[in-house]
Amino acid sequence: MKWARRVSLCVLTTLAVTGTAAAQAPQVRMKWQDFVAGPDGAKRLASLTIAIKKMKSLDASPQTSADYRRSWQYWANIHGYYGSTSPDGTVEQQVSYLKKHGMSRYVSDYQGISDQTAPDAIAKTVWATCQHSGGPGQQALNFFGWHRMYLYYFERVLRWASGDDTLRLPYWDYTDPTQLALPAEFRQASAVVYDAKRSPTMNAGTSSLRSGSTNVNALLKGTDYFRYESGIEEGVHGYVHCTVGPTCPVAHMGDVPLAGNDPVFYHHHANIDRLWACWQNLHGTPKGAWQDQKFSFVDETGTLQTKPVSFVVDASTLGYAYDNATSCSRPSTTLVAAAPHGAAEGARALVHKSSAVRITKPQTVVDLDIPPARLGAAVGDLDRAAPVELVLRDVTAASHPGVLFDVFLAKKGSPEAREHVGTISWFGAFRHHGTSGPVKKTLTYDVTEALRALGGADLSGAGLTVIVEATEGRDSSDPAAAAASRTSAAAAFRAEAKLSIGAIELQAAPMPPK
Ligand SMILES: [Cu+2]
């Protein structure tokens with residue numbers, strides 16, 4: 001009898017929750033600039049503001065209450081937190097890591113941040129569970145799946161807190177090169193979406209993300225799901241964390257255990273989630289045991305929810321759809337014949353592979369020794385369907401190198417006329433959930449446009465140079481500020497980190513026989 005009663009209660013609860021979900025008609029997750037536009041935009045922003053204020057007001061709730069599980073702090077802690085019960089260690093340990101690795105100037109960013117203790121079994125289950133790769137020898141561990149489920153339950157709490165059933169998370173559309181600055185609303189010190197623990201120049205609007213660092217065109221063409229997942233995570237995802245935060249691993253956005261404290265985190269991750277949806281629309285979703293992995297969150301009633309990744313694979317069942325998840329590539333500057341689906345992956349051939357490159361100075365210049373005929377075949381016809389790609393294989397370092405690194409391509413002998421192709425960043429790379437140690441990653445950049453800008457076919461006589469240079473990762477329109485930023489990046493470079501690149505490769509589609 002007792003058992004039967006429990007079962008029927010359980011069924012009732014399930015029905016109630018399903019009923020709530022069914023009542024939520026799918027709504028659009030919009031790009032931020034549309035979300036805030038016009039009179040309707042003012043209403044949407046008002047809803048979001050009410051929701052965040054409400055969640056922040058619950059930070060002081062009794063720690064085992066449902067209200068605390070709906071608080072801003074609680075949701076940040078689900079991503080990560082510092083304290084003796086955390087796999088990320090304590091604030092004190094983080095501060096001593098910074099001091100030990102030449103980053104003492106960032107210690108002041110930890111003022112006002114205190115250790116926390118998971119108050120009950122639910123918090124112990126869900127706190128500090130974010131999935132990122134980056135530990136020694138680890139592949140991406142359901143980075144997309146965990147973060148989609150996180151945003152899904154976070155969005156439900158937002159709706160509860162706003163009282164607005166139509167509220168959906170807007171995304172920061174920085175893959176569009178016109179949206180590289182932090183949107184204005186995030187820069188107003190009085191706004192609830194403002195956070196003082198960011199890069200001061202990003203918050204002032206005097207610096208922005210770099211166009212070449214947010215270009216995902218090359219990745220979108222790849223047909224291997226796990227390669228795409230780690231390419232997005234290690235590429236644009238980590239880059240945005242490390243440039244919105246002062247750097248990595250520094251509070252808030254640059255430091256995994258604290259990143260979820262900054263409101264822009266959720267709009268950054270909505271774009272990352274959209275980039276997953278973009279890839280799913282192009283290539284489908286592979287089946288596999290990865291979809292069986294289960295993760296736990298809390299819902300808007302403060303109830304523990306445990307679901308397999310398969311629960312979030314089809315976003316249309318989760319009550320939202322992106323305004324654009326079908327044409328996510330950046331338009332090329334010239335008309336390029338469309339690549340047939342899946343052709344790009346197999347059609348590339350290795351043009352050149354360098355020997356290992358040690359990064360011992362803030363700037364390293366590597367001439368790629370490619371015979372002119374071979375280089376000419378690779379860059380002679382850039383209007384071919386498949387892109388030309390630069391691959392940095394097995395980038396490794398023993399400890400944090402202190403800075404990010406820009407990657408440029410140049411014509412051999414003319415290094416000043418260089419083209420930016422991407423940025424290497426270190427979000428969660430050296431310390432993550434208790435693991436610490438060397439990092440190893442492979443980065444792929446679409447360099448078709450860079451080669452075109454450098455002269456295309458004319459390059460074959462001169463040769464190609466790759467430049468790897470310490471950077472803070474941001475663009476500045478003010479030349480003096482840009483120069484100051486370069487100087488401080490060079491000063492922050494740590495040769496002790498023993499950064500190296502296993503090989504630099506150039507890959508291109510084979511030229512059709514003439
Ligand atoms: Cu993230």
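**Entry 1**

I looked up D394 and found it partly exposed, with a relative accessible area of 31%; here buried means under 20% relative accessible area, exposed over 50%, and partly exposed in between, with a 1.4 Å probe and protein chains only. D394 has a positive phi of about 50 degrees although it is not a glycine. I place D394 in strand β9, residues 389-397; helices (H or I, at least four residues) and strands (E, at least two) are DSSP runs, numbered from the N terminus.

This is a predicted model, in which local features need pLDDT of at least 70 and side-chain atom pairs count only at pLDDT 80 or more, while totals for chains, interfaces and linings use all residues. Residues are numbered from 1 along each chain as its sequence is written, and side-chain values use heavy atoms, with hydrogens and water left out.

I then turned to A128, another residue other than glycine with a positive phi, near 55 degrees. A128 sits in the loop between α7 (121-126) and α8. A128 counts as buried, because its relative accessibility is 7%.

**Entry 2. The chain as a whole**

I noted 18 helices and 17 strands in the chain. Of its 514 residues, 55% count as buried. I also checked the range of contacts, where contact means heavy atoms within 4.5 Å. Among contacts between residues at least 6 apart in sequence, 77% join residues at least 24 apart.

**Entry 3. The copper ion**

Which protein atoms are the donors of the copper ion? I find H237 (NE2), H241 (NE2) and H269 (NE2), lying 1.9 to 2.2 Å from the ion. Donors are N, O and S atoms within 2.8 Å of the metal (3.2 Å for Na, K and Ca); water is not among the atoms, so sites may look incomplete. The sequence spacing of the donor residues is H-x3-H-x27-H.

H237 and H241 both belong to helix α11, four residues apart, which is about one turn of the helix. Are these two residues buried or exposed? H237 is buried, at 1% relative accessible area, and H241 is buried as well, at 0%.

**Entry 4. Cavities**

On a 1 Å grid over the protein atoms alone, a cavity is a set of points where a 1.4 Å probe fits but cannot get out, and lining residues have an atom within 4 Å of a point. Grid points are joined across faces, edges and corners, and a volume is the space filled by probe spheres set on the points.

The largest cavity has a volume of about 70 Å³. Its lining consists of A218, L219, G222, D224, R227, Y228, R348, E389 and T444. Helices α10 (217-221) and α11 (225-244) each supply at least two residues of this lining. I count the lining by class as three nonpolar, two polar and four charged; Ala, Val, Leu, Ile, Met, Phe, Trp, Tyr, Cys and Pro count as nonpolar, Asp, Glu, Lys and Arg as charged, and the others, Gly among them, as polar.

The second largest cavity has a volume of about 50 Å³. Of the 10 residues that line this second cavity, E233, E234, H237, G238 and F427 are the closest to its centre. Helix α11 gives the largest share of the lining, four residues. By class, the lining has two nonpolar, five polar and three charged residues.

**Entry 5. Nonpolar cores**

I took a nonpolar core as a set of buried Ala, Val, Leu, Ile, Met, Phe, Trp, Tyr and Cys residues joined through side-chain atoms within 4.5 Å. Which members of the largest core, with 84 residues, touch the most other members? They are Y74, W75 and I78. Helix α8, residues 143-162, contributes the most to this core, with 12 residues.

Leaving aside residues up to four places away in sequence, W75 touches M55, R69, R70, Y150, Y153, F154, V157, Y266, F297 and V298. I recorded a second, separate core of 45 residues, which includes V351, L375, F430 and A489.

**Entry 6. Cis peptide bonds**

I checked omega and found a cis peptide bond joining C248 and P249, at about -5 degrees. Another cis peptide bond joins A251 and H252, with omega about -15 degrees. P249 lies in the loop between α11 and α12 (264-283), and H252 has its place in the loop between α11 and α12.

How values were computed. 1 Å grid on protein atoms, 1.4 Å probe; cavity = no way out; pocket = protein on both sides within 12 Å on 5 of 7 lines; lining within 4 Å.
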